[in-house]
Amino acid sequence: QVQLVESGGGLVQPGGSLRLSCAASGRIFRINTMAWYRQTPGKQRELVAGITSGGSSNYADSVKGRFTISRDNAKNTMYLQMNSLKPEDTAVYHCTANIETTVYRLQETFWGQGTQITVSS
């Protein structure tokens, strides 16, 4: 009923930049908080950044000053601009969103399939 699709991942050299997108589609009435998480093998999933429907954002300490989260509510899309990338940023990045669906206005949390970011020279 709702799909989240990430794009923009890939291989980048240390110090480089990438921009991730997360597009939501389906039976959407309202999108509340959206966020980016990342996960590496053997580690717990880590919150990278989150953003409310009003645009308030928060960041993990490890990415503050380097990553910027934003969203376009008209397009149901969230972005993550990643600058000054480091090898330790290598992970699978997932987007998530708390969405009020058109099906009885139920709220659910949805996840994208993930996109790989590899920072390496």
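This report describes a predicted model of a protein chain, moving from its overall build to its core and then to a few individual residues.

## Overall build

The chain contains zero helices and 11 strands, and reading along the sequence therefore gives the pattern β-β-β-β-β-β-β-β-β-β-β. Taken along the principal axes, the C-alpha atoms fill a box of roughly 50 × 25 × 25 Å. For 121 residues, a compact globule would have a radius of gyration near 14 Å, and the chain, at 14 Å, agrees with that expectation.

Of the 121 residues, 40% count as buried. When contacts with a separation of 6 or more are considered, 56% of them are accounted for by residues 24 or more positions apart.

## The nonpolar core

The largest nonpolar core has 30 residues, and those with the most contacts inside it are Trp36, Leu80, Met82, Tyr93 and Ile99. The elements that give two or more residues to this core are strands S1 (2–7), S3 (18–26), S4 (28–39), S5 (46–51), S7 (67–72), S8, S9 (91–101) and S11 (115–119). The largest share, five residues, comes from S9.

Met82 shows how one of these core residues is surrounded. Leaving aside its neighbours within four places in sequence, Met82 is in contact with Gly16, Ser17, Leu18, Leu20, Arg66, Phe67, Tyr93 and Ile117, and among these partners Tyr93 is itself listed with the residues that have the most contacts inside the core.

## Thr77 in strand S8

Strand S8 covers residues 77–82, and Thr77 lies in it. Is Thr77 buried or exposed? With a relative accessibility of 9%, Thr77 counts as buried, because the cut-off for that class is under 20%.

A polar atom of the Thr77 side chain lies 2.9 Å from the backbone oxygen of Lys75. Not counting residues up to four places away in sequence, Thr77 touches Ser21, Cys22, Ala23, Arg71 and Asp72.

## The aromatic pair

A search of the whole structure finds one aromatic pair. The rings of Tyr37 and Trp111 have their centres 5.2 Å apart and their planes at 55°, so the pair is tilted. Since Tyr37 lies in strand S4 and Trp111 in strand S10 (residues 107–111), the pair ties together parts that are 74 residues apart in sequence.

## Arginines over rings

Which ring does Arg45 lie over? Arg45 lies over the face of Trp111, at 4.4 Å from the ring centre, and Trp111 is also a member of the aromatic pair with Tyr37. A further example is Arg105, which lies over the face of Phe29 at 3.8 Å from the ring centre.

Arg45 lies in the loop between S4 and S5 and is partly exposed, with a relative accessible area of 37%. Not counting residues up to four places away in sequence, Arg45 touches Tyr37, Arg38, Gln39, His94 and Trp111, so that both members of the aromatic pair are included among its partners. With Gln39 there is a polar contact between the two side chains, at 3.5 Å. As for His94, 49 residues separate it from Arg45 along the chain, while the C-alpha atoms of the two residues are separated by 9.3 Å.

Conventions. Residues are numbered from 1 along each chain as its sequence is written. This is a predicted model: local features need pLDDT of at least 70, side-chain atom pairs count only at pLDDT 80 or more; totals for chains, interfaces and linings use all residues. Side-chain values use heavy atoms; hydrogens and water are left out. Helices (H or I, at least four residues) and strands (E, at least two) are DSSP runs, numbered from the N terminus. Buried means under 20% relative accessible area, exposed over 50%, partly exposed in between (1.4 Å probe, protein chains only). A polar contact is a pair of N or O atoms within 3.5 Å; within protein, one must be able to donate a hydrogen and the other to accept it, and residues adjacent in sequence count only if both atoms are side-chain atoms. Contact means heavy atoms within 4.5 Å. A nonpolar core is a set of buried Ala, Val, Leu, Ile, Met, Phe, Trp, Tyr and Cys residues joined through side-chain atoms within 4.5 Å. Rings of Phe, Tyr and Trp (its six-membered ring) pair if their centres lie within 6.5 Å; planes under 30 degrees apart count as stacked, over 60 as edge-to-face and the rest as tilted. A charge sits over a ring if NZ of Lys or CZ of Arg is within 6 Å of the ring centre and within 35 degrees of the ring normal. The radius of gyration is taken over C-alpha atoms; the globule rule is 2.2 Å times the number of residues to the power 0.38.
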